[in-house]
Amino acid sequence: MAQQGVEKVGVDKHNLARTGRMALYGGAVFGPAATTWFKFLQQRINLRNQNATIAARVLTDQTVFASTNLFCFLSSMAIMEGTSPKDKLDSTYWPALQKNWMLWPVVQAINFKFVPLDHRVLVVNFVSLGWNCYLSYINSQGKK
């Protein structure tokens, strides 16, 4: 989606390896990790007030999971591309984390308040269609 919808590289210049790396990370790393994470939050973070519980889950999600997942994503992309994880992190981690904090706290607050546990990863996957375009784009910019 990023290559065609955002960068408009055209089908003939589509980078299949880049698409494969994104699919591999999403399917093998993010999907299982997010499912386990949401179960953990549901079981371990329960306060007396529902809104306080949601705020604590969002805060924990954004400080622990989001920052760690972004670190793993950028590092693993660099390794699969044969480039330096340190250089990738130095050039893209902080700007991407700041953008993450502009989007995901609101998404997760709505997710935790209104969506049953079994469907939370589905909500994240839907929003991630756009978010992953951004990640793919910034990841590809570090090589130029």
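Mentor: A residue is called buried when its relative accessible area is under 20%, exposed when it is over 50%, and partly exposed in between, using a 1.4 Å probe and counting protein chains only. The structure above is a predicted model, in which local features need pLDDT of at least 70 and side-chain atom pairs need 80 or more, while totals for chains, interfaces and linings use all residues. Residues are numbered from 1 along each chain as its sequence is written, and side-chain values use heavy atoms, with hydrogens and water left out.

Trainee: Thanks! What percentage of the residues of the protein count as buried?

Mentor: Of its 144 residues, 38% fall into the buried class.

Trainee: And how many helices and strands does the protein have?

Mentor: Helices (H or I, at least four residues) and strands (E, at least two) are DSSP runs, numbered from the N terminus. Here you will find five helices and zero strands. Reading from the N terminus, the order is α-α-α-α-α.

Trainee: How should I read the packing of two helices, for instance the crossing of helix 2 and helix 3?

Mentor: Two packed helices are described by the angle between their axes and by the distance between those axes. The axes are lines fitted to C-alpha atoms, for helices over the stretch in contact, and angles between N-to-C directions run from 0 to 180 degrees. Helix 2 covers residues 16-44 and helix 3 covers residues 50-81; their axes come within 11 Å and cross at roughly 160°.

Trainee: Which word describes how helix 2 and helix 3 are oriented to each other?

Mentor: Angles under 35 degrees are roughly parallel, those over 145 roughly antiparallel, those from 65 to 115 roughly perpendicular, and the rest oblique. Helix 2 and helix 3 are therefore roughly antiparallel to each other.

Trainee: What are the angle and axis distance for helix 4 and helix 5?

Mentor: Helix 4 and helix 5 pack at about 160°, and their axes are 11 Å apart. Helix 4 and helix 5 are therefore roughly antiparallel.

Trainee: At what angle do helix 3 and helix 5 cross?

Mentor: The axes of helix 3 and helix 5, the latter spanning residues 120-141, cross at roughly 45° and come within 13 Å. Helix 3 and helix 5 are therefore oblique to each other.

Trainee: Let's turn to the charged side chains. How many salt bridges does the structure hold?

Mentor: A salt bridge needs a side-chain nitrogen of Lys or Arg within 4 Å of a carboxyl oxygen of Asp or Glu. The structure holds three of them. In one, R21 pairs with E81, and the closest N and O atoms are 3.7 Å apart. This pair links distant parts of the chain, since R21 sits in helix 2 and E81 in helix 3, 60 residues apart.

Trainee: Are R21 and E81 buried or exposed, and what other residue makes a salt bridge with E81?

Mentor: Both R21 and E81 are buried. E81 also meets K88 in a salt bridge, at 3.5 Å from N to O, and K88 is buried as well as E81. Put together, R21, E81 and K88 are linked in a network of salt bridges.

Trainee: How far apart are N and O in the salt bridge of K86 and D90?

Mentor: The distance from N to O there is 2.7 Å. K86 and D90 are four residues apart in helix 4, so about one helical turn separates them.

Trainee: Where is P32, and how far is it from V121 in space?

Mentor: P32 is in helix 2. From C-alpha to C-alpha, P32 and V121 are 9.6 Å apart, although 89 residues separate them in sequence. P32 counts as partly exposed because its relative accessibility is 42%.

Trainee: And where is N46 located?

Mentor: You will find N46 in the loop between helix 2 and helix 3. With a relative accessible area of 47%, N46 is partly exposed. Its C-alpha atom is 8.6 Å from that of R57, which is 11 residues away along the chain.
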